[in-house]
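Visitor: Hi, could you walk me through this model? I'd like to hear about the strands and helices.
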2 protein chains.
Amino acid sequence: MATGRNHRPATSRSRGIPEATVARLPLYLRALTALSERSVPTVSSEELAAAAGVNSAKLRKDFSYLGSYGTRGVGYDVEYLVYQISRELGLTQDWPVVIVGIGNLGAALANYGGFASRGFRVAALIDADPSLAGKPVAGIDVQHTDALEQIIADNGVSIGVIATPAGSAQQVCDRLVAAGITSILNFAPTVLSVPEGVDVRKVDLSIELQILAFHEQRKAGEDAPEEEETAPPAAPPAAAVTKRPGPGPDGDVPAVMPA
Amino acid sequence: MATGRNHRPATSRSRGIPEATVARLPLYLRALTALSERSVPTVSSEELAAAAGVNSAKLRKDFSYLGSYGTRGVGYDVEYLVYQISRELGLTQDWPVVIVGIGNLGAALANYGGFASRGFRVAALIDADPSLAGKPVAGIDVQHTDALEQIIADNGVSIGVIATPAGSAQQVCDRLVAAGITSILNFAPTVLSVPEGVDVRKVDLSIELQILAFHEQRKAGEDAPEEEETAPPAAPPAAAVTKRPGPGPDGDVPAVMPA
DNA sequence: ATGCCTTTGTGAACGCGTGCACAAAGATGG
DNA sequence: CCATCTTTGTGCACGCGTTCACAAAGGCAT
């Protein structure tokens with residue numbers, strides 16, 4: 001960055017791109033793609049930042065990790081930048097993906113149009129329910145879990161998506177890892193334990209909603225003066241209390257589908 | 001992942017609980033709920049941290065923001081902690097939620113069992129497609145977008161979920177906000193612009209996969225020596241180049257459903 | 001050429017989040 | 001009642017990420 005020009009990531013590529021930056025690259029890529037389709041030749045960091053919903057200084061710094069792809073006084077070449085980011089993210093190659101758990105969510109994912117456009121290809125849909133086997137979802141026949149290992153090996157799949165109930169997530173995860181999967185996108189509301197070298201990213205609707213509720217409550221609490229919740233139930237930190245099943249909660253094992 | 005918005009120093013309650021901590025509370029709550037069902041009376045920070053997949057010191061510090069709810073030498077009372085966290089997150093009250101866009105994803109969300117258990121109640125399912133109106137999804141009749149404002153007003157809804165295609169997301173968002181919604185969970189792959197005071201959290205499958213691909217590529221790049229991508233297409237930062245539609249990408253407006 | 005104007009690239013300061021390490025608090029056993 | 005052992009609560013330091021602010025770079029007009 002400082003002196004070194006010729007920023008060609010020839011050797012040990014993409015070494016040291018901050019995680020936070022990596023997480024934003026897809027955002028930039030999306031905005032750039034939109035510009036590209038509108039045949040916009042160049043954009044300034046200011047414009048692009050606005051489109052991506054971030055600070056312009058942050059965007060420039062992010063790009064600086066990739067190299068000097070801008071032109072001072074002008075901005076960035078849209079097409080060129082689209083390619084550079086795509087390459088950096090590894091989207092210039094084909095990524096076969098398997099989706100395990102074809103419930104409501106799994107089906108939604110299978111139908112998701114944003115896959116192919118980004119280099120991701122649904123190699124297989126897998127479910128433990130035998131009655132689903134053979135039935136087409138999004139144009140692809142669902143296969144039984146038994147074939148999981150074979151499918152992964154045959155297609156050289158390295159990315160797996162888990163959309164099963166929480167109860168079977170870890171089990172599925174273990175099989176995926178044993179079969180050679182090294183990246184997992186987990187939609188089940190569970191903490192997955194994986195061996196070193198395997199990446200796991202988690203998407204949890206319930207958590208997102210709870211975070212929103214927190215802020216929502218705070219907003220309400222600002223306007224309204226003071227208001228005590230329901231009944232301050234349980235006991236404060238007392239000694240050992242046997243415990244009772246209590247107002248039977250849910251257990252976080254949604255009968256249908258995690259999200 | 002999602003993005004927190006609109007920060008507010010808010011002098012009032014919730015003595016400045018760090019955003020990072022708030023994001024982890026649901027995680028702790030889930031682990032605690034599981035323990036509660038197994039009738040475990042107390043847990044140490046070490047055990048709970050392991051169950052939630054975080055560092056024990058971090059967990060203790062998180063809890064310290066809520067107050068001193070633990071007992072030295074013993075640990076935390078599970079039931080009591082469940083209540084405290086629930087209250088802090090605002091889950092002791094009822095949160096009516098509307099889901100807009102009942103495609104594959106919207107239906108999956110409607111069927112999600114983790115809603116009710118956390119104080120969230122699906123007040124209505126809304127879609128712009130007239131042919132869907134009246135049809136039941138997850139036991140709730142889908143209603144037409146026309147009734148959106150009325151529904152929100154009647155039910156006092158403050159949280160909205162957008163599961164529409166990217167193209168109509170902003171429009172839906174505007175109507176939700178105008179109708180009084182102050183928290184939005186957005187599944188559409190678009191940056192929503194909202195007035196101050198409205199929180200937006202985003203869930204984007206495409207982005208998560210791209211981040212996985214990045215790391216996956218890096219892993220592969222470490223083992224394998226050197227390998228050049230396809231053709232270094234476009235031109236480097238040249239002068240003004242008219243531009244051509246190029247290899248028609250996708251445009252990020254998934255025909256079916258965002259995820 | 002020369003000077004002006006725009007926009008990048010980045011040094012530096014700042015703030016938040018993380019994790020260590022330990023003293024204080026409390027339980028437990030003698 | 002005292003000693004010992006366990007586990008919390010937190011002061012502190014460190015590193016990452018964000019943001020500001022500006023010099024350098026390049027285009028463009030004259």
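Guide: Gladly, let's start with chain B: strand β5 (residues 120-127) and strand β7 (residues 140-144) of chain B pair in the parallel sense over three bridges. Pairing requires that DSSP finds at least two bridges between two strands. Strands (E, at least two residues) and helices (H or I, at least four) are DSSP runs, numbered from the N terminus.

Visitor: Which residue is the bridge partner of B:Leu125 in β7(B)?
Guide: That is B:Val142.

Visitor: And is this from an experiment or a predictor?
Guide: This is a predicted model, where local features need pLDDT of at least 70 and side-chain atom pairs count only at pLDDT 80 or more, while totals for chains, interfaces and linings use all residues; side-chain values use heavy atoms, with hydrogens and water left out. Residues are numbered from 1 along each chain as its sequence is written, and chains are lettered from A and ligands numbered from 1 in the order in which they are written.

Visitor: What is the mean pLDDT of chain A?
Guide: The mean is 84, and 80% of the residues of chain A reach 70 or more. pLDDT is the predictor's confidence in each residue, from 0 to 100. Over residues 1-14 of chain A the pLDDT is below 50, and this stretch has 19 contacts beyond near neighbours in sequence. Residues 226-259 of chain A also stay under 50, with 73 contacts beyond four places in sequence. Contact here means heavy atoms within 4.5 Å.

Visitor: Back to β7(B), how does β6(B) pair with β7(B)?
Guide: Strand β6 (residues 136-137) of chain B pairs with β7(B) in the antiparallel sense over two bridges, and B:Pro136 stands opposite B:Asp141. These strands form a hairpin with two residues between them, and B:Ala138 in the turn has a positive phi of about 55°.

Visitor: What's the strand order in the seven-strand sheet of chain A?
Guide: The order is β6-β7-β5-β4-β8-β9-β10 in an open sheet with mixed pairing. β6 (136-137) and β10 (199-202) of chain A stand at the edges with a single partner strand each, so one side of each has no neighbour in the sheet. Two antiparallel bridges join β6(A) to β7(A), with A:Pro136 opposite A:Asp141.

Visitor: Which strands does α5(A) lie across?
Guide: α5(A) lies across β4, β5, β6 and β8 of chain A, at about 160° to β4(A). Axes are lines fitted to C-alpha atoms, for helices over the stretch in contact, and angles run from 0 to 180 degrees between N-to-C directions.

Visitor: How does α5(A) pack against α5(B)?
Guide: The two helices, each spanning residues 104-111, pack at about 165° with their axes 8 Å apart. That makes α5(A) roughly antiparallel to α5(B) (angles under 35 degrees count as roughly parallel, over 145 as roughly antiparallel, 65 to 115 as roughly perpendicular and the rest as oblique).

Visitor: Which residues meet there?
Guide: A:Asn104, A:Leu105, A:Ala108 and A:Asn111 meet B:Asn104, B:Leu105, B:Ala108 and B:Asn111.
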